[in-house]
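Welcome, and please take a moment to look over the model shown here. A short tour follows, grouped by topic.

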Amino acid sequence: MLGFLKNPVVVTAEINVNLVVLTVMGLISRLWGLSYPRAVVFDEVYYGQFVSLYMKRIFFVDDSGPPFGHMLLALGGYLGGFDGNFLWNRIGAEYSMNVPVWSLRLLPALAGALCIPLAYQILVELQFSHCAALGGALLILLENSLITQSRFMLLESILIFFILLAVLSYLKFYNLQRHSSFSASWWVWLLLTGVACSCAVGVKYMGLFTYMLLLAIAGLHFWQMLGNQNLSNVSLLCHFLARGLALIIIPMAMYLSFFYVHLTLLYRSGPHDQIMTSAFQASLEGGLARITQGQPLEVAYGSQITLRNVFGKPMQCWLHSHTNTYPIRYENGRGSSHQQQVTCYPFKDVNNWWIVKDPGMQQLVVSNPPRPVRHGHIVQLVHGITTRYLNTHDVAAPLSPHSQEVSCYIDYNVSMPAQNLWRVEIVNRESDTDVWKTILSEVRFVHVNTSAVLKLSGASLPEWGYRQLEVVGEKLSKGYHQSMVWNVEEHRYGKSQEQKEREVELHSPTQMDISKNLSFMAKFTELQWKILTLKNEDTEHKYSSSALDWITMDTNIAYWLHPTSGAQIHLLGNVLTWASANVAAVIYVCLSLWYLVRRRRKIYDIPEDAWQLWVSAGEICVGGWAVNYLPFFLMEKTLFLYHYLPALTFQILLIPIVLQHLSDYLCRSLLPKTMFRALIVAWFSSVYLVYSTFSPVTYGEPSLSVAGLKDLRWKDSWNILIRKQ
């Protein structure tokens, strides 16, 4: 029974020395001196704020993309014991001792280092030689821009890592397809493809470009499988379902999980939650939740409420009135009703309170039991402090003359009777008998007499209106806009009939208790919509550039400058590598067109298997470059050179592919092959020389003299920082 112990247990393993050496070199190049400089470098000032908010569990919204990349950076801070206490307000600011700089920069650096062995394996899986794969990996290793971007608390290196991992996983899966479908390794690589794609999209939406490319390639490969008569219908169905599960269902589930973790971690209110709906804000600890906790859920006749405009642009604001009236005549000579002003005010104020009144009764308190207001009910809205009724009539609004003026009615004993009846329409109702609910219900107020809808125009009133936002009556149309929608934010049941007692009541907190927690899907949907639609004002940045500048690297970005010496860090690429990548792309396109024309004429210059490898390489490398570069010509946003790095990575991988193809099929005799290889060695030596030349501005040391810095300005468009003597 124990006979197996007579012989020693032997484990054998194959070790690819190329991979080991490349990985070690990558780690050295990316991790060496990682804590230098111990100062905020370029966009660390941006991402660092989010890391601090994660450490403090404070909610935020970043319109640049999903939260997975931010969470990875925050993980580095967590592992380093960061408490989140640092003021991220200036590039170049020295880090305090509580900031674990090395830990915060570790994950981007590791991702950048691992891109090198991934590049090697991708070229091997594309069926190119180990020599070509080694060359491609070394080009990634010696690319100055990729080194710079991966050594700081930035997201591009993490994005490129997951992109390359997705490509490698799909290639391994596809190569296993031929002889071991549905094996354990087949499933592992297929599932890893979907996981890596979802991670890439979760880091930045730019990852969606490569994800779409791989989906298209997978679709093409499955289309080719349909023509295989050796596969049964059941087998094809299983292949289809497996790909759908791994490449669509799992990435969607993982994408949702990123937001679930994000929202679970960030449960405290902060400055960013003001752009969210009242219901979302009320689900966070502190802030609005502290104010609204314990409010009655159902709005009843006699309820005291504040009404927040759902649109939230140009800023969040609440329906408001004060004792001041509209001027008798505006600056342009038009007349007004001279009624009490109604505006939208962007701050909490006692003048934001309104009382929901039953038109058929005089009382302004909630009855016992309360009579809830439902969809379609007619109400009057009484301003809590001035006790005047919300009103509109056929008088042009002050800044929107095509809309009606909204006011609180003052009886001047003239021929302008009050028109203060409003119909409550619950936009997000489930049935026509829905009750108007605090925070949850989104409502429109339709004027009974004129059918105008209460709307925030967004225009700022002049000095006489204290620069508050204009509210108008918009004629009802078939469609509706969020500026016409309001929700009750603060709410209490009114108990005081006397005005003085009521004013005291309006200043007091609510007491009743009811929960308004949103489901995860409701919070996810709202947050996702905000990320996609929230746009910060794009301003021209000193180092912004156009997509055309990137191909020839006519631009650079100064990341950091030492406060006293000439030491500095720039995002600058290896000029020779960038130029060679462009040449390789041109050669690939020209050769492909030549081959296509010749094949159309039944002339086959290269073997069929070589042609298939050439096409497959183009799908990945040229396709990867195109989908990660060309969309930027359609984007209306501030662009920077680092946006080009994912596309550049694919283009660099094309260089050894083209070189091997030229060596194998154009240099057919020994002498041309020898000369071509000698040229490659000389060219590669030049690549290393350029890398070494620009290393001082890649790593920030050693400090260069003024003359040395001027020598690095190879292009007039480069902004190398030189201190005035």
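A disulfide here is a pair of cysteine sulfur atoms within 2.5 Å. Cys317 and Cys344 form one, with their sulfur atoms 2.2 Å apart. This is a predicted model, in which local features need pLDDT of at least 70 and side-chain atom pairs count only at pLDDT 80 or more, while totals for chains, interfaces and linings use all residues. Residues are numbered from 1 along each chain as its sequence is written, and side-chain values use heavy atoms, with hydrogens and water left out.

**Cysteines**

- A search of the whole structure finds one disulfide.
- Cys317 lies in the loop between β1 (303-309) and β2 (318-325), and Cys344 in strand β3 (residues 340-345), so the pair ties together parts that are 27 residues apart in sequence. Helices (H or I, at least four residues) and strands (E, at least two) are DSSP runs, numbered from the N terminus.
- The disulfide of Cys317 and Cys344 is right-handed because the torsion about its S-S bond is about 90°.
- Buried means under 20% relative accessible area, exposed means over 50%, and partly exposed is in between (1.4 Å probe, protein chains only). Cys317 is buried at 1% relative accessibility, and Cys344 is buried at 0%.
- Cys199 is in no disulfide, and the nearest cysteine sulfur, that of Cys197, is 9.4 Å away. Cys199 is buried, with a relative accessible area of 6%.
- Cys590 is in no disulfide either; the nearest cysteine sulfur belongs to Cys621 and is 17 Å away. Cys590 is partly exposed, with a relative accessible area of 47%.

**Domains and annotated spans**

- The domain assignment of the chain gives domain 1 (17-261 + 543-712) and domain 2 (294-514); such bounds come from an automatic or database domain assignment.
- The C-alpha centres of domain 1 and domain 2 lie 55 Å apart.
- An unreviewed UniProt entry places the feature "domain: MIR" at residues 296-359, 370-427 and 431-491. UniProt positions are given in the numbering used here, feature names are shortened, and annotations may be inferred rather than shown by experiment.
- Residues 296-359 are 0% helix and 41% strand, and their end C-alpha atoms lie 22 Å apart.
- Residues 370-427 are 0% helix and 40% strand, with end C-alpha atoms 23 Å apart.

**Aromatic rings**

- The structure holds 48 aromatic pairs. Rings of Phe, Tyr and Trp (its six-membered ring) pair if their centres lie within 6.5 Å; planes under 30 degrees apart count as stacked, over 60 as edge-to-face and the rest as tilted.
- Phe182 and Trp186 form a tilted pair, 4.6 Å centre to centre with 45° between the planes. Phe182 is partly exposed at 32% relative accessibility, whereas Trp186 is buried at 0%.
- Ring pairs also link Phe209, Trp550, Trp578, Trp625, Tyr629, Phe632, Phe633 and Tyr644 into a cluster.

**Charges over rings**

- A charge sits over a ring if NZ of Lys or CZ of Arg is within 6 Å of the ring centre and within 35 degrees of the ring normal.
- The charged end of Arg492 sits over the ring of Trp353, 4.1 Å from its centre.
- Lys523 lies over the face of Phe280, at 5.4 Å from the ring centre.

**Around Val201**

- Val201 is found in helix α8 (residues 184-203) and is buried, with a relative accessible area of 9%.
- Not counting residues up to four places away in sequence, Val201 touches Pro66, Gly207, Leu208, Tyr211 and Tyr255; contact means heavy atoms within 4.5 Å.
- Val201 and Tyr211 are 10 residues apart in sequence and 7.7 Å apart in space, C-alpha to C-alpha.
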